[in-house]
Amino acid sequence: MKQILPTNAKISKEAKETMQECVSEFISFVTGEASDKCHKEKRKTVNGDDICWALATLGFDDYAEPLKRYLHKFRELECEKANNQNHNKVINTTNRNNNNLIEKYNSYGGDDDED
Amino acid sequence: MRQAGAYSGILCGGISGRTGPHSLPLARIKKIMKKSGEDVKMISGEAPIVFSKACELFIEELTRRSWIIAIHGKRRTLHKDDVASAVVATDIFDFLVTLVSHNHGSALNNANNDGAVMEIQTLEYS
């Protein structure tokens with residue numbers, strides 16, 4: 001709240017509490033709408049698209065578009081993360097296999113170069 | 001039409017437990033979502049994250065509108081009645097009218113202030 005208001009603005013404790021109550025109600029309100037949609041479509045999980053749809057349906061059109069873009073970016077980042085983790089798994093497995101091979105080689109006296 | 005329920009207050013009690021770059025606690029958002037209805041059984045991981053952003057936008061809008069009312073009353077401190085008046089004066093916040101009317105009796109009196117309502121309408125068209 002403070003970030004939106006001028007620096008000399010003050011917010012009463014009760015105003016903050018009222019805002020918190022409003023936010024809780026906002027979440028419940030939008031979730032209810034999203035959940036109804038899932039139920040009608042025989043789906044069990046409420047996802048980000050459902051939230052965006054519910055916001056647009058309930059009159060929060062100005063939020064829906066930026067949130068769709070935000071969701072899209074979030075999904076892209078998650079994909080990247082997942083790909084990196086898989087990539088690291090492959091590298092680690094390869095390294096482990098290589099180390100095993102090196103150990104086996106050494107145990108046969110492969111490093112012994114002295115005459 | 002969806003009626004405002006008795007789910008307010010769950011987000012109260014501080015904003016501890018912030019996780020990651022999101023400004024609102026995701027676990028608490030998830031808790032409120034689950035309590036909103038019996039049908040809500042499974043929630044994807046991205047849903048609380050989308051909500052965190054949505055709530056930021058919501059708080060921004062409600063705060064701005066409340067501030068206009070405070071300024072109109074020549075005050076620099078935002079009071080709960082300013083928030084209540086902003087709710088009453090904004091169509092999309094209709095679902096909050098019952099909540100603010102129960103908690104703040106003078107909300108309707110403030111909403112009858114034509115000047116404040118005019119200011120809100122100016123915001124709508126800008």
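View 1. Over residues 23-87 of chain B, the chain is 69% helix and 6% strand, with end C-alpha atoms 23 Å apart. Helices (H or I, at least four residues) and strands (E, at least two) are DSSP runs, numbered from the N terminus. UniProt lists this span, in an unreviewed entry, as "domain: Transcription factor CBF/NF-Y/archaeal histone"; UniProt positions follow the numbering used here, feature names are shortened, and annotations may be inferred rather than shown by experiment. The model is predicted: local features need pLDDT of at least 70, and side-chain atom pairs count only at pLDDT 80 or more, whereas totals for chains, interfaces and linings use all residues. Residues are numbered from 1 along each chain as its sequence is written, chains are lettered from A in the order in which they are written, and side-chain values use heavy atoms, with hydrogens and water left out.

View 2. The unreviewed UniProt entry places "domain: Transcription factor CBF/NF-Y/archaeal histone" on residues 1-55 of chain A. This span is 65% helix and 7% strand, and its end C-alpha atoms lie 21 Å apart.

**View 3. Contact between chain B and chain A.** Chain B contributes 54 residues and chain A 49 residues to the contact, defined by heavy atoms within 4.5 Å. The buried area is about 4700 Å², 71% of it from carbon and sulfur atoms; this is the accessible area (1.4 Å probe) that two parts lose on being put together, summed over both.

**View 4. Polar and charged pairs across the interface.** Between chain B and chain A there are 8 residue pairs in polar contact, both residues being at pLDDT 80 or more. A polar contact is a pair of N or O atoms within 3.5 Å; within protein, one must be able to donate a hydrogen and the other to accept it, and residues adjacent in sequence count only if both atoms are side-chain atoms. The count of salt bridges between the two chains is 1, a salt bridge being a side-chain nitrogen of Lys or Arg within 4 Å of a carboxyl oxygen of Asp or Glu. Arg75(A) and Glu46(B) form a salt bridge at 2.6 Å, N to O.

**View 5. Strand pairing between the chains.** Strand β2 (residues 45-46) of chain A pairs with β1(B) in the parallel sense over 2 bridges; pairing requires at least two DSSP bridges. Val46(A) stands opposite Ile43(B) in β1(B).
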